[in-house]
Each structure stands twice: as structure tokens, then as C-alpha cells.
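User: I would like to learn how to read the fold and the charged side chains of a protein. Please take me through the structure below.

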Amino acid sequence: MYIEYLGHSAFNIISEEGLNILIDPFISSNPSCTTPVESLRPDIILLTHGHSDHFGDALEIANNSNATIISTHEIALFVQKQGLNAIGMNKGGSVSVNDMINITMTDAKHTSSIDFTEEVEVAGAAAGFVITLENGKKIYHAGDTALFGDMKTIIGDMYKPDIAMLPIGDRFTMGPVDAAIAAKWIGARIVIPMHYNTFPEIEQDPEEFAELVDHESLGTYTLILMPGETYSEESQQEVEDEFIDE
């Protein structure tokens with residue numbers, strides 16, 4: 001399994017059995033992303049909400065790769081109207097992919113709209129995802145969100161993710177201080193900051209976030225990935241050794 005960070009909140013995950021999961025594919029208009037849209041061939045595209053910096057190039061990529069888009073009921077209906085495959089779901093629900101991978105939709109405190117069409121369309125509510133891979137490892141992508149109590153009682157205590165991707169940009173999401181508290185509540189072994197430094201309004205220093213996580217959390221390692229960098233299970237031991245040394 002490996003995770004490639006594409007910038008902003010976009011991640012490309014390759015599972016143990018080779019299933020390609022693309023999350024929030026803001027690619028061609030993302031100033032921090034150098035990955036060509038045409039190079040992405042996912043099996044599944046997960047969309048946390050409808051804003052253009054998350055929906056991104058989902059339609060083009062799905063059309064090129066025949067990927068199925070999984071999102072809220074409202075966004076799935078929009079995608080289906082474009083003639084593409086989509087599965088709608090809602091918070092607390094789960095869908096199974098190839099009887100191997102389980103995708104659960106979680107809450108997120110944020111707005112959602114299709115804001116890139118001529119007229120803005122309501123797109124339900126923003127969400128996050130917990131992805132349970134074939135080997136049982138769980139990845140939590142928080143989407144755009146503020147800090148909220150269910151990060152502890154539901155996501156941390158019940159789902160127990162191994163890896164958490166958390167926004168730190170502030171203004172439109174929680175900032176570093178709240179995100180560090182979220183990391184503590186969630187209790188994942190590895191936390192990856194996202195949704196920062198793409199635009200001037202969300203400029204943050206991820207190293208400062210890492211220091212806050214170190215102060216707040218015991219047993220959580222902050223993994224700062226630059227766009228194009230990857231985390232793999234093969235590098236897990238290196239991460240663990242670095243964490244122990246610190």
C-alpha cells in the first residue's frame with residue numbers, strides 16, 4: 001500500500017491488492033500539483049464535498065478511467081446527470097468495493113456546493129471518509145472541517161484510524177492549533193497535514209503543526225509530505241524508527 005500526496009487535499013492511494021483510490025482530485029488548477037490529469041487512472045474517486053478545490057477534475061478523470069465516483073447523494077446525482085458512474089451515500093453509511101475495501105462516510109463541519117457551474121447548486125453537506133483496506137489498516141481523510149467532538153467519540157474511539165489526513169490551513173477549515181487537538185482525539189499513529197499553502201489565505205508552517213502535535217499527543221507522528229511525495233508500508237519502519245529516536 002502507498003499514499004501519494006498530490007497537493008491541497010488530494011491523495012492517491014494504491015491498496016495492497018492494487019485498487020487505486022483518488023480523493024478530492026483538485027489537479028489541473030492546483031498551483032502546488034505537478035501531476036498531469038491524464039496520468040491518473042483510479043478505480044474509485046472519493047469526493048468529500050462539491051467545492052471546486054475538491055471536486056476538481058473528477059469528471060474528466062472519471063471519464064478517462066471509467067472510475068466510479070463515491071460521494072454524498074446530492075453530488076452522486078449531479079455526476080450521474082453528466083453520464084458518469086456514481087454511488088451516493090451519507091454520513092454513518094458504508095459501501096464495499098470489490099468485497100475487499102470498506103468506505104465509511106463521516107461527518108465534517110463545513111459547507112458544500114457545486115460552485116463551478118454557471119449557477120451555484122446545493123450539494124448536500126460536507127463529509128469525510130474512513131477507508132478500511134484489505135489488511136485492516138484504516139485511513140481517515142477529514143475533508144474540509146472544523147474541530148468537532150465526534151473526532152474523539154466516533155472517529156477516534158470507534159473507527160480507530162491508523163493514518164489521519166487533517167486540514168491545517170485555517171480560515172476555511174481548522175487551523176494548526178485545532179488540528180493538533182484533533183490529532184490527539186483521533187489517536188492515529190501517523191497524521192498527515194493537508195489543505196495548506198495552496199493559496200495565500202491558507203498559508204501555514206507544517207513544522208509548527210508538527211510541534212503542536214508533539215506537545216498534544218503521545219504516540220502520534222506527523223508526516224509532512226510535499227506534493228508528489230509518497231508514504232508506503234515499506235517506509236513504515238523508517239517512520240517508526242525516526243519517531244522512536246525523537
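The questions and answers below move from the overall fold to the charged side chains.

Analyst: This is a predicted model, in which local features need pLDDT of at least 70, side-chain atom pairs count only at pLDDT 80 or more, and totals for chains, interfaces and linings use all residues. Residues are numbered from 1 along each chain as its sequence is written, and side-chain values use heavy atoms, with hydrogens and water left out.

User: How many helices and strands does the protein chain have?

Analyst: Helices (H or I, at least four residues) and strands (E, at least two) are DSSP runs, numbered from the N terminus. By this definition, the secondary structure of the protein chain comprises seven helices and 16 strands.

User: Which radius of gyration does the protein chain have, and why does it agree with a compact globule?

Analyst: The radius of gyration is taken over C-alpha atoms, and the globule rule is 2.2 Å times the number of residues to the power 0.38. For 246 residues, a compact globule would have a value near 18 Å, so the protein chain agrees with its radius of gyration of 17 Å.

User: What share of the 246 residues is buried?

Analyst: Buried means under 20% relative accessible area, exposed means over 50%, and partly exposed lies in between (1.4 Å probe, protein chains only). In the protein chain, the buried share of the 246 residues is 55%.

User: Which residue forms a salt bridge with Lys-184?

Analyst: Side chains of opposite charge can pair when their charged atoms come close. A salt bridge is a side-chain nitrogen of Lys or Arg within 4 Å of a carboxyl oxygen of Asp or Glu. The closest N and O atoms of the pair are 3.9 Å apart, and the partner of Lys-184 is Glu-216. This pair links distant parts of the chain, 32 residues apart, with Lys-184 in helix H5 (residues 176–186) and its partner in helix H6, namely Glu-216.

User: Which residues are joined with Lys-109 into one network?

Analyst: Lys-109 forms a salt bridge with Asp-107, with 3.1 Å between the closest N and O atoms. Lys-109 is partly exposed because its relative accessible area is 44%. Salt bridges that share partners join Lys-109 into one network with Lys-91 and Asp-107.

User: Is Asp-205 buried or partly exposed?

Analyst: Asp-205 lies in the loop between strand E14 (190–194) and helix H6 (206–216). Its relative accessibility is 33%, and therefore Asp-205 counts as partly exposed.
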